[in-house]
Amino acid sequence: MEIKIPEFLATTGITSTSANHLANIAKERIQDLEAELANIELYSTTVELINGERKTLRMGYDKIERLNMLIEEIARMYSFNAWVREAIRVKEQLMDKVSQMTINDYCDIKGITYPEYPQSIEVPTRETILNGMSIKERNEYFTLEAYAATYGKHIHRDGDVSKARVKLMHITKEPAVLMGQGTDAMIYNYEPTVTTGDMDRVFFDLQSRYRNYEARLNSIKAEIEDTIKQRTVEARNQEALAQSQYDAQVKQLNIEFSKYVVEQRNAIAKLKIVLPDRLRPIYDELNKLGKIENE
């Protein structure tokens, strides 16, 4: 079990503490933006008494051109969090991997024959393949995953934007409702702030974007599964038995193994998270927000 350090962890970059702090800021940013989407009503509500007096109860949302910007910004924040959270998790996993390492693992790494049971070649997984990707490929995967999930969340049947569109179509067909009787009767008028045609244009554009992200993501997932199957077959075909004997080397091996574990843990603890160029602007924005909050 060789400890392989992925490209996104290096001696230069941002610390896990800083990454976690910025991820929390991004989470708060997401909550703020999603709150705006959650409160979208594409019509104004007024109440009118029988005597003709009318009062506005709520102004409708007419900034539909912001919808893509809002979802895009949410997706950007999610893509940043997906990257740093995964990097933090992988770093912690590396530490656990070292801690759980056995002397047999150490012998495999060093190419030393140890008097123990034969070792099998590690079967590739989705995670090892992702860790073996270049920064650009890995970032594309998590970005597509974040974008597809974000767009899908807001435009699916139970999503904020979809619900707002349905409400708009409903009040367009029924713009006024009489409530109560006699002199206590009131007429609620609903006045669309955008046309159903304009909303359909934006909505179908969002759907198209979602399908594009989903299609590309599914394509990459299929490639990963094919790679896993291929490499699994190759690994199974390359497995071989390893024989060894117990002798005086065991004690020395244990001393060397203990030293190796300490050195590996110290090296991993110093690793920092490398940000791809695509996430640099987001990092700068979040870092600036963090400084403002601390002032």
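Within the protein chain, confidence reaches its highest value in strand S6 (residues 272–273), at 94, and its lowest in helix H9 (residues 280–294), at a mean of 80; the score in question is pLDDT, the predictor's confidence in each residue, from 0 to 100. The chain as a whole averages a pLDDT of 86, and 91% of the residues score at least 70. The model is a predicted one, in which local features need pLDDT of at least 70 and side-chain atom pairs count only at pLDDT 80 or more, while totals for chains, interfaces and linings use all residues. Residues are numbered from 1 along each chain as its sequence is written, and side-chain values use heavy atoms, with hydrogens and water left out.

Nine helices and six strands make up the secondary structure of the protein chain; these are DSSP runs numbered from the N terminus, with helices being H or I of at least four residues and strands being E of at least two. The overall dimensions come next. The radius of gyration of the protein chain is 28 Å, whereas a compact globule of 295 residues would have one near 19 Å; the value is taken over C-alpha atoms, and the globule rule is 2.2 Å times the number of residues to the power 0.38. The C-alpha trace spans about 105 × 50 × 35 Å along its principal axes.

Among contacts in the protein chain with a separation of 6 or more, 82% are accounted for by residues 24 or more positions apart; a contact means heavy atoms within 4.5 Å. The chain exposes about 17,300 Å², of which carbon and sulfur atoms supply 50%; the areas come from the Shrake-Rupley method with a 1.4 Å probe, and for residues only the protein chains shown count as cover. There are 40 positive and 46 negative side chains, and the centres of the two sets lie 2 Å apart. Lys and Arg count as positive and Asp and Glu as negative, with His and the chain ends not counted.

Ile3 lies in the segment before strand S1 (9–10) and is buried, with a relative accessible area of 10%. The C-alpha atoms of Ile3 and Met101 are separated by 9.5 Å, although the two residues are 98 apart along the chain.

Ser79, in helix H2, is also buried, at a relative accessible area of 3%. Leaving aside neighbours within four places in sequence, Ser79 is in contact with Thr143, Ala146, Tyr147, Leu279 and Ile282. Between the C-alpha atoms of Ser79 and Arg278, 199 residues apart along the chain, the separation is 9.9 Å.

The other two residues sit in loops. Gln100 is found between helix H2 (66–99) and helix H3 (103–110), and counts as exposed because its relative accessibility is 60%. From Gln100 to Ser219, 119 residues away in sequence, the C-alpha distance is 35 Å. His156 occupies the loop between helix H5 (135–155) and helix H6 (160–173), and is partly exposed, with a relative accessible area of 40%. Not counting residues up to four places away in sequence, His156 touches Ser162 and Tyr210. His156 and Phe204, 48 residues apart in sequence, are 12 Å apart from C-alpha to C-alpha.

Technical notes:
Charge placed at Lys NZ, Arg CZ, Asp CG, Glu CD. Buried < 20%, exposed > 50% of the residue type's maximum accessible area, 1.4 Å probe, protein only.
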